[in-house]
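Trainee: Could you walk me through this model, one feature at a time? I would like the general idea each time, and then the case at hand.

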Amino acid sequence: MTVSVDHGQVIPSPLMESSTSSTSLRAASPVPLSLESLVSHLVASKRSLSSVEQVWRANEIIGSTKSHLEAAVITSARTSFLRSGIATHLRTLKLVHAHNTAVALEGAHEYGEVVKTLDAADHRLKDTMTRLKSTMVENRLRPKSDQEKSLLDFVDEGSVEKVLLTLQDSIEVAQSAHQALVQTNMAFHNDLKRVERLTGGPEVRRDHSAADEPPECSDIPVASISPIPDILQDMEGRSRDMADSLESLVKHFDLCLMAIKHTEGGGDAAIRLTADLPDGAGMEEDVAGAPQPIGDKERQNMLDVIAKDADQVEEVVMEICDHVTAMESQLETVAAYVARLKEDDSRVTAAFNVLEDIGRRLQAFVAQGHVFVMRWDEEKMKITERMDELSSLEDFYVGYLRAYDNLLVEIGRRQFMEQQMEKVLQDAARKLDVLYGEDRIRREAFMNDYGDFLPADIWPGLTNPPLQFETRPKDGRERAPDISKSVIQRAIRRVETGT
């Protein structure tokens, strides 16, 4: 660019206009500048023109940020769409899981009640069998050659073992089916939780704070409001400021070059010092062009501006560098945000893949609940039947115990009746003896009075003695066993109390 100087016109300070931080102005008195001073200012100004690279870098940063913005919009839209679909399916799958979980819990409750009832029945049966085993049969009831036996020796324990084995098989089948359902439910639950963690569902924060291990998704979902537009707007503002600052530096260089060209002996120095200007500064025409003639007043005005602006060149360069540094930091923020978006998209995609896998196994998962219900109903019916058999056996054994006690009571009753019969027989024997004595005396008296007159063969039984009678058990039948009264009394008490 070329700075034209009209006669009588005051040259404005380019750096004073553009710089945000101003320094105190010097007095308006003329500032004499030698060629050496002007060359020094020109060198410093030439060095400041390397800031054009910072401006180029700023444009590259803005381009990268726009690319990141485009990628962020696409990735965020895809992720939001997937997350919304996943959330809808997840709610449905949770209802399915809740149903199967309720089936498992109900089955576990019923199973627990059945096992509790079975344990009680088994305990009662074993207690009854223990009583049978501890109740020894009275020796007087068995042949002398037999060894001592308990009531349990007269029953078949195999029937009990058979029922218990059948019950055990049914319980194991039911338990296996329930365990399979629980494991399937747990695997399904873990898959759903994994989807929630990957998509940053409502459990992520709670899981992250409660667990020792960090969740698979270390961060919550990226914020829905992108910071990139605000950052891009700030970058563009910084870029405009940098462009204005660079333009001011170019104008300052232009003034320094013009001042040297209008100084005696400065032409060669200007050509030598501008031989390697940075590309893109737009100074080619200014370097090659011939200087326009100006008056002393205009030249002095130019020197005053150069002197004032020379102190601010470094400050303007630092401002440009600060802008680029800030934009580099902003670009890192944008890149990190986009990286998080892509990571979030990867996690949501992984969650979608897990959801697809769940969908392929969903029919089998639902069927598992139905299979458990059917199998449990079958086994529950078998268990109920076996428990009825167990209860019947327990009732039979209790009746067996009660019957044995009543047997002892019956033996006691028979002993009493035999004793009463013996008393009757003893009384009859005494009466028969008296009658026998009387009959014998009367017969002897008759024979004494009339025997001599009666022929011996008139009646063969004339001289027979009186008849004699015997009292004994008929047909040699056994009497009631001789059981001690104490044993019978204990049996009577058990029968009366029902124990």
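Mentor: Gladly, and let us begin with the surface. The chain has an accessible surface of about 30,700 Å², and carbon and sulfur atoms account for 54% of that. Accessible areas here come from the Shrake-Rupley method with a 1.4 Å probe, and for residues only the protein chains shown count as cover. This is a predicted model, in which local features need pLDDT of at least 70 and side-chain atom pairs count only at pLDDT 80 or more, while totals for chains, interfaces and linings use all residues. Residues are numbered from 1 along each chain as its sequence is written, and side-chain values use heavy atoms, with hydrogens and water left out.

Trainee: How many helices and strands are there in the chain?

Mentor: Helices (H or I, at least four residues) and strands (E, at least two) are DSSP runs, numbered from the N terminus. The chain has 11 helices and 0 strands, so its pattern along the sequence reads α-α-α-α-α-α-α-α-α-α-α.

Trainee: What share of the residues in the chain is buried?

Mentor: Buried means under 20% relative accessible area, exposed means over 50%, and partly exposed lies in between (1.4 Å probe, protein chains only). Of the 499 residues in the chain, 34% are buried.

Trainee: And how should I read contacts in the chain?

Mentor: Two residues are in contact when heavy atoms lie within 4.5 Å. Among contacts between residues at least 6 apart in sequence, 88% join residues at least 24 apart. Take Gln330 in helix α10, which spans residues 313-450. Gln330 has a relative accessibility of 16% and counts as buried. Apart from neighbours within four places in sequence, Gln330 is in contact with Ile231, Asp234, Met235 and Arg238.

Trainee: Which residues does Arg386 touch?

Mentor: Arg386 also belongs to helix α10, and Arg386 is buried, with a relative accessible area of 16%. Not counting residues up to four places away in sequence, Arg386 touches Val163, Thr166 and Leu167.

Trainee: How many salt bridges does the structure hold?

Mentor: The general idea is that side chains of opposite charge can pair when their charged atoms come close. The cut-off used here is a side-chain nitrogen of Lys or Arg within 4 Å of a carboxyl oxygen of Asp or Glu. The structure holds 28 of these salt bridges. In one of them, the side chains of Lys382 and Glu379 meet at 3.7 Å, N to O. Lys382 and Glu379 are 3 residues apart in helix α10, which means about one helical turn separates them. Lys382 is partly exposed at 39% relative accessible area, whereas Glu379 is buried at 6%.

Trainee: What separates Glu410 and Arg413 in helix α10?

Mentor: About one helical turn, because Glu410 and Arg413 are 3 residues apart in helix α10. Their side chains form a salt bridge at 2.6 Å, N to O. Glu410 is partly exposed at 25% relative accessibility, and Arg413 is partly exposed with a relative accessible area of 43%.

Trainee: Where do Arg479 and Glu418 lie?

Mentor: The side chains of Arg479 and Glu418 meet in a salt bridge of 3.5 Å, N to O. Arg479 sits in the loop between α10 and α11 and Glu418 in helix α10, so the pair ties together parts that are 61 residues apart in sequence. Arg479 is partly exposed, at 48% relative accessibility. Elsewhere, salt bridges that share partners join Asp191, Asp357, Arg360 and Arg361 into one network.

Trainee: Which residues does Ala480 touch?

Mentor: Ala480 is found in the loop between α10 and α11 (485-497). Leaving out residues up to four places away in sequence, Ala480 touches Ile411, Arg414, Gln415 and Glu418. Ala480 and Gln415 are 65 residues apart in sequence, and their C-alpha atoms are 5.8 Å apart in space.

Trainee: Is Ser134 buried or exposed?

Mentor: Ser134, which is found in helix α3, is exposed, with a relative accessible area of 54%. The C-alpha atoms of Ser134 and Leu151 are separated by 8.0 Å, and these residues are 17 apart along the chain.
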